[in-house]
Amino acid sequence: MAPPSADSLAGLERSEIEALCARLDQPAYRARQLFRWVHVQRAASYEAMSNLPRAFRERLAAEHPVQTTQREHEAPSGDGTRKLLLRLADGEAVECVHIPDTPRHTACLSTQVGCGVGCIFCASGAEGVVRNLSSGEIVEQYLQLQAGTQDRLRNVVVMGIGEPLHNVPALAKALRILQDPEGVDLGARRITVSTSGPPRGFEQLLREGLRVNLALSLHAASDALRSRLVPGGGAGTVADLQGMADRWFEATGRDVTFEYVLIQGINDRDEDAEALARLVGRHRNINLIPMNPVSFAPALVAPLPEHCKRFADRLRRDGTVVNLRRQRGDDVAAACGQLRLHSKKQPLPPPAPS
Ligand code: SF4
């Protein structure tokens, strides 16, 4: 499950780079220079780091590549969504997405190759989990997305391929790197981790002390239905998720959002809305997400827009804040994991140079 090789420079915290510089007999300020080259100037190789001694760069290059991921394919959508397929050093692939919601621009990042949770509406889980991503492979998704746009990606959602709480050490390290004020300098409030709620991973995340936003993927108001929709990977029960929401709020002061993918005829009945309204309790934030089509389950579709609106209106009657999402990027296989699945069947054209 672990990533195969030494982490890239992009996946090292500043304190680790300081230790590396000390070991290579370099003054402490070199660590700050290196960190800024990677995260602010977004240098993809040591060649570009012209204010560092050549011998030092050569020794670094022998231990840590600056980045290990390659942009293999870029899929822009008519609605502005931009999806990147990145090739990893061992030949695996992951996706990351730039979601423009003017004036906010968001990077959506993956944490695993594949996913063991196997949600029935998600292409990422269709073939199980292959391995965890390293912290560098997570950070590099952000850097690769940012390198391809003039817009500043000020928000991060960890909602791409994989269950983030099955890979907490690398996730937490990547988020600390992205929050470093000498680098990308993302505020914790601008980061959201979305999870199906495996209880052990949740405890690990709490111990990391990150004060990021949490989104809990509910998708059903009963355990019986939820275990059909979110079948594997030790995902928590509905009661577990309610408990997690309370504990996250107590530990961080951050509101928790519940996520609910709407699937026609499965979880979109009036009684589903009633039950959902009861169980969100004091955490009155729900993201309703009309299902994106997936090629392997053509019978699963989103309800009609007017039906989605009626479902949302029922929840709002009790004061719940409902964000009814637009379906985005259907033309670029926007459903999580679709592009990776396509690339396994046939090669995709390379991206234009950035
Ligand atoms: S929705 Fe998330 S947790 Fe479920 S299979 Fe897809 S990536 Fe995994």
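What follows is a short exchange on confidence, helix packing and the ligand shell.

Modeller: This is a predicted model, where local features need pLDDT of at least 70, side-chain atom pairs count only at pLDDT 80 or more, and totals for chains, interfaces and linings use all residues. Numbering starts from 1 along each chain as its sequence is written, and side-chain values use heavy atoms, leaving out hydrogens and water.

Colleague: Where in the protein chain is confidence lowest, and where is it highest?

Modeller: pLDDT is the predictor's confidence in each residue, from 0 to 100. Helix α11 (residues 338-345) has the lowest mean, 65, and helix α5 (residues 168-179) the highest, 98. The protein chain averages 90.

Colleague: Why are α1 and α2 called oblique?

Modeller: Helix α1 (residues 14-23) and helix α2 (residues 29-39) pack at about 130°. Under 35 degrees counts as roughly parallel, over 145 as roughly antiparallel, 65 to 115 as roughly perpendicular, and the rest as oblique. The pair is therefore oblique.

Colleague: What makes up the contact between α1 and α2?

Modeller: Contact means heavy atoms within 4.5 Å. Arg14, Ile17, Glu18 and Cys21 in α1 meet Arg30, Ala31, Leu34 and Phe35 in α2. That's five nonpolar, no polar and three charged residues.

Colleague: How many residues around the ligand are nonpolar, polar or charged?

Modeller: Four are nonpolar, five polar and none charged. Ala, Val, Leu, Ile, Met, Phe, Trp, Tyr, Cys and Pro count as nonpolar, Asp, Glu, Lys and Arg as charged, and the others, Gly among them, as polar. The surrounding residues include Cys115, Val117, Gly118 and Ser124.

Definitions and conventions. A residue is near a molecule or strand if one of its heavy atoms lies within 4 Å of it. Helices (H or I, at least four residues) and strands (E, at least two) are DSSP runs, numbered from the N terminus. Axes are lines fitted to C-alpha atoms, for helices over the stretch in contact, and angles run from 0 to 180 degrees between N-to-C directions.
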